[in-house]
Amino acid sequence: MITRNLIVAISSILGGVVLLGLTLFFTRSLWMGRINEVRAERHLERASEAMEAQNWEEAARIARAAHYLVPEDPEPQILVAQALLQQRSGDALRWWEGILREPQVPVEGLRELTGLLLQGRRLEEALPFLERLVELDRDNEETKLLWLRALSMQRRLDSAFGLASDLVMAGSDSWQAHEQYLEMQRLVNARDGEPVSSHLERLMQRGGDLGLRAARELASEEAAPEEKRLQAAAYLKERGEGLLDRLYGTGLEVRIGVAERKKLNPLMDELLISPSKEQVEEFLRWSLWMEQPGLALDRIGWPRYRELEGAAEPYFRALLEAGRYRELLKRAETARAMEQREQSLILVYRAAALESLERLEEAQETLRLAVQVVEPGQTRTLERHLLRDQRWELLMELYKWLLEQDPDNPVFLQKNLAAHYYLGRQDWLEARIGEVEVDDFDDFAGLQSFVIYLKLILEGPTPELHRNVEERLAEFPEISDYQLLAGLSYLLQEQVNVAAEFLEQTPDLRLSAPRHLRMGAILMGGGDADSLLRPGERGQLLPRERYLLSQFPEPPTR
């Protein structure tokens, strides 16, 4: 018979066994945890050594292993994020998001990542990193410059101009700060070049690197008074860094007509005695600036240019601008066989030459091939060159391909609409604009303003669209695009006096502004078509725009 004492004894034994098991379990867990910590520390040491040796791939691999051993420790995550950033890996963003709120997040890496995202026009992705950067390092000038760039991209011009002015008034020695300030001045004082030229003149008086950069900028500033541009030319000739500065200074005097072209000959001859790769590339860019690409092409042939390892792009652009399309086709073929890094860009120039020779099917097929061989993340370079040369037909092919890869991307959609708009393809736009939602562009003010403009022009100021414009203006009163569009909406509703009030609040526009904004200003009386449209743009206007111009011969005036 089982006695009470026996039951107590058995219970005690079982309890002891359980307690022993639990003790062994927790001891083993603590022991394994400590082993993992030790292993992770060793991995981190090796990862840090790899980082110092700039072996980014190895550093990321080892730091990942450390992270899996101690997932709660932020140090391995930080190392992985830094290594992936140096590799420019697509995975870097996810790892940086994981460490963003960590107290020890590396500020310099955060600044670098933010700059890369903004440079790639990835504003929405950049904003969380920028906000954190401002929290941690608000007073740093580089942080303020990134902040300024983001404000400009958001079209928050008042805030951008205020920040740029603060940087300049603080005596910044950064050319980037002054460059941003000048850009803001151009936007705010579109028709008055005096503030820009006066600021550049003051920088020239400061001398040094800033003075030299200012002289180069002022020499190229078409809106500046001729007298001040000639002062910049003299500065470049007397205090420039070398032959190229003297060439730019003398070239400006030739362009303005105060010096004879023969003065360029000894400078060009001296430059080409023993030029560097960088010098011949800049020589070609100078000839384009002079609007005489033959000056460089006739002095440095393709064989010598390639012998100096000059990049294909400047030479090909000079051939294109000079109208030497058949030579461009020939050089592009030989360059493709020799050059691996610039395959897609070479194909773009080949396509441009084919288009100029009216071989359109071949041009489109060549562009498709250019897109297929472009390196990941380099489509922006491809696009930039097509935009610069206003190759709208080829751009349409590029955007069509990009939308096939990413059909819901609002940026690609807007750009595809814009390419058709700049070619005056109203039928195509009318067939698609009804499917485009304004709300899809809430994070892209500059793109959204274009979509709203198209809808106003093609669909009219419907109550819903008008309310949409007013809501955005109420939320972002400093974005002048919305002020202009609100005024245009009232004008199309024949509320001329209200439209005039909005026009008064809108800054003057320059030729560098997007065409849809310039057209809105023209319709509202903020400028005449002769001064706000480039040569050839009249022929590219939508039929609806031409009709509206005829309906508002005497629009509200400033």
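Let's begin with α11, where the buried residues are L210, G211, L212, A214, A215, L218 and A219. Before going further, keep in mind that what you see on the screen is a predicted model. The helix itself runs over residues 208-220, so 13 residues. From first C-alpha to last, α11 reaches 19 Å, close to the 18 Å you'd expect at 1.5 Å a residue.

The crossing, if you like to keep track of hands, is left-handed. On the α10 side, the contact is made by S197, L200, L203, M204 and R206. Facing them from α11 are G208, L210, G211, A214, A215, E217 and L218. Sort the residues of that contact by type and you get 7 nonpolar, 3 polar and 2 charged.

Is S197 buried or exposed? Well, S197 counts as buried because its relative accessibility is 0%, and the cut-off is under 20%. And where does its side chain go? The S197 side chain reaches the backbone oxygen of E194, at 3.1 Å. If you skip the neighbours within four places in sequence, S197 is in contact with L218, A224, P225 and K228. L218, remember, is one of the buried residues of α11, and it's also part of the α10 contact.

Okay, moving away from that pair, let's look at some backbone angles. Q54 isn't a glycine, and still has a positive phi, about 60 degrees. You'll find Q54 in the loop between α1, residues 4-52, and α2, residues 56-69. Q54 is exposed, because its relative accessible area is 57% and the cut-off is over 50%.

Then there's E358, again not a glycine, with a positive phi of about 65 degrees. With a relative accessibility of 67%, E358 counts as exposed.

That's my tour, so over to you for questions.

Technical notes: Residues numbered from 1 in each chain as written. Predicted model: local features only at pLDDT ≥ 70, side-chain atom pairs only at ≥ 80, totals over all residues. Heavy atoms only, no water. Helix = DSSP H or I, 4+ residues; strand = E, 2+ residues; numbered from the N terminus. Expected span 1.5 Å × (residues − 1). Buried < 20%, exposed > 50% of the residue type's maximum accessible area, 1.4 Å probe, protein only. Polar contact = N/O pair within 3.5 Å; in protein donor to acceptor, adjacent residues only side chain to side chain. Contact = heavy atoms within 4.5 Å. Left-handed = near helix turned anticlockwise from the far one by under 90°. Nonpolar A, V, L, I, M, F, W, Y, C, P; charged D, E, K, R; others polar.
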